Amino acid sequence: MPQHFHTAFELYPASFFDSNGDGIGDLQGAAQKLPYLRRLGVDLLWICPFCLSPGVDNGYDIADYQMVDPRFGTLDDFDALVARAKDLGIAVLMDLVVNHCSSEHEWFKRACADPCCEEAGFFYLRPGKNGQMPNNLRSNFGGSIWDPLPGHDDLYYCHFYAKEQPCLNWFNPELRARIYAMMRWWLARGVAGFRIDTIMSIGKDPSFPDYPPDLVGDGRCACGAMNDACQDTALTFLREMKAQVLSPCDAFTVGEVWGPLPPEKLKQLIGPDGVFTAIFDFSARSELTCRPGFYAYTPMPLKRWRDLTFAAAQRTPEGGLLALAVENHDSPRAVSCWLPESMRNSSGAKALAAVLMTLPGLPFIYQGQELGMTNVHFNSIAEMPDIQSAEEYRRALEHGLTPDQALSVLNRWARDHGRVPFPWSSAPQGGFTTGQPWMRLHQDYAAVNAAVQDDDPHSVLTAYRRLGQLRRRPELQTLLQYSALEPKDHQQDLEIAFFRVHGQQRLFTAANFGNAALTYQLQADAEMLFTCGTVLRRHDACALMPGSALIALLPEN
Ligand code: GLC
Ligand code: CA
């Protein structure tokens with residue numbers, strides 16, 4: 001059995017802390033800030049990609065899987081970080097990006113030089129069909145998944161993301177052997193396991209048929225349709241990876257798997273027979289994003305978020321672990337994305353924290369979430385370096401939006417919101433760097449930062465720290481991570497309330513995101529474990545004011 005973790009944290013290295021003043025966060029910087037994470041109660045740390053990369057997709061395009069990108073430091077820096085983390089009781093997860101590599105990877109260069117060489121077999125190379133692309137799939141970043149192989153106009157290579165991210169051909173046994181060897185090499189360096197990037201994308205149909213065109217209207221179909229049809233193929237490869245690499249090393253894995261998935265499929269992913277230790281619950285996010293572009297997204301009512309999140313918890317197979325993330329490096333800020341407008345502030349952030357930290361599963365806090373960071377106000381598309389933002393801006397304009405409208409759409413949904421430098425203090429550049437940061441800071445950094453919140457008993461950071469401590473209480477561990485969720489009958493749409501039940505133990509969480517008080521029956525001898533905002537108790541009743549939350553342990557009956 002892999003180790004039991006209490007609270008996980010996602011760290012985006014370019015934007016966490018810059019130790020040498022070049023404006024880019026780095027591994028030494030991350031290592032210096034480990035005590036900050038420890039105080040949050042974090043014992044599992046996922047670090048986003050830091051291997052050699054031309055940076056087309058900010059590190060998710062890897063040119064050398066066993067070399068640290070010089071921007072982030074050296075392998076020695078990484079070893080030191082892992083050692084320091086271990087001293088503090090924090091295990092480290094690498095980001096395993098093996099659906100694709102970078103077009104700068106040696107393998108791809110060799111394939112271009114000689115499409116008959118061994119490494120050419122690591123990619124999907126196909127001739128065109130009647131002078132057209134081999135099929136009609138659209139890449140996740142727009143355009144066809146096919147581009148001509150450089151130097152060979154008669155051959156195309158497949159990429160489900162940017163053209164600089166050629167997909168790896170998992171049907172090739174030598175490729176799989178090399179990936180497994182690389183994974184063992186990192187495990188031997190002391191990593192506890194992997195967050196596995198877009199892994200169901202490895203399920204492909206090598207005959208590359210055409211798919212029925214979708215709603216975008218370009219005659220193409222989103223490449224995810226092929227992955228949905230080929231989940232069993234992906235699972236075959238993943239079972240082999242588990243048997244050959246993960247199980248022997250007792251590695252922890254969390255898969256980036258998009259749903260919705262039926263219960264039979266979930267059992268193959270998590271739980272005793274699952275290929276992963278955990279998978280992220282993206283049920284709300286999948287529904288939000290299943291549109292032809294950001295311009296077509298419609299904000300999700302909190303009630304819908306609640307229903308989808310509860311349903312995911314209730315669908316989880318016995319013994320299966322859900323990784324809970326309300327935001328990450330691919331999303332806007334949770335407070336701005338999921339909460340009603342009047343709650344996009346520190347009260348809303350704390351109440352959301354109470355919910356997140358007591359839902360079934362393992363919470364992953366994304367850097368800045370613990371400060372209640374909101375979306376950035378970007379003044380122009382030039383302030384947004386993400387490759388996806390450029391494509392979404394283009395789509396919005398193509399759809400007839402004005403440049404101002406397109407910018408406001410991105411100000412709502414872009415991935416850049418979570419990628420701005422972490423605000424450590426009110427110092428220039430938020431104390432993130434002494435140089436010029438690679439990306440602008442949040443407009444509120446002077447007010448919303450770690451130093452300001454550090455010793456404020458009412459700050460979002462303090463709330464997260466208290467919740468982190470709560471999760472470490474030995475008698476609550478099984479209850480919090482695995483026990484069943486029972487929704488409470490809701491009085492209001494802007495209320496989230498549920499029980500967690502484990503044997504005789506009953507935990508009750510309630511959060512009020514509306515503008516009227518909520519009242520609950522709560523026995524006088526219930527133990528209040530956490531409150532934020534204004535919670536009034538009288539005899540057997542309790543009132544929760546707007547923007548407040550409570551977590552209570554109910555007496556055994
Ligand atoms: C995952 C990553 C995202 C990246 C994509 C391609 O979804 O989280 O940041 O762009 O995979 O690697
Ligand atoms: Ca640096």
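User: Which residues come nearest to ligand 1?
Analyst: Of the 13 residues around ligand 1, the nearest are Asp57, Asp197, Glu256, His329 and Asp330. Being near takes a heavy atom within 4 Å. Bear in mind that this is a predicted model, where local features need pLDDT of at least 70 and side-chain atom pairs count only at pLDDT 80 or more. Residues are numbered from 1 along each chain as its sequence is written.

User: How many nonpolar, polar and charged residues are in that shell?
Analyst: The shell around ligand 1 has 7 charged, 3 polar and 3 nonpolar residues. Asp, Glu, Lys and Arg count as charged.

User: What lies 2.5 Å from an oxygen atom of ligand 1?
Analyst: A polar side-chain atom of Asp57 does, and an N or O atom in the side chain of Asp330 is also 2.5 Å from an oxygen atom of ligand 1. For Arg415, a side-chain N or O atom is 3.0 Å from a ligand 1 oxygen.

User: How much of ligand 1 does the protein bury?
Analyst: The protein buries 96% of the 300 Å² that ligand 1 exposes when taken alone (1.4 Å probe).

User: New topic: what coordinates the calcium ion (ligand 2)?
Analyst: Asp18 (OD), Asn20 (OD1), Asp22 (OD), Ile24 (O) and Asp26 (OD) do, at 2.2 to 2.4 Å. Donors are N, O and S atoms within 2.8 Å of the metal, or 3.2 Å for Na, K and Ca. Along the chain, their spacing is D-x1-N-x1-D-x1-I-x1-D.

User: Is Ile24 buried or exposed?
Analyst: Ile24 is buried, because its relative accessible area is 17%, and buried means under 20%, exposed over 50%, partly exposed in between (1.4 Å probe, protein chains only). Asp22 counts as partly exposed, at 38% relative accessibility.

Conventions
Chains are lettered from A and ligands numbered from 1 in the order in which they are written. Side-chain values use heavy atoms; hydrogens and water are left out. A polar contact is a pair of N or O atoms within 3.5 Å; within protein, one must be able to donate a hydrogen and the other to accept it, and residues adjacent in sequence count only if both atoms are side-chain atoms.
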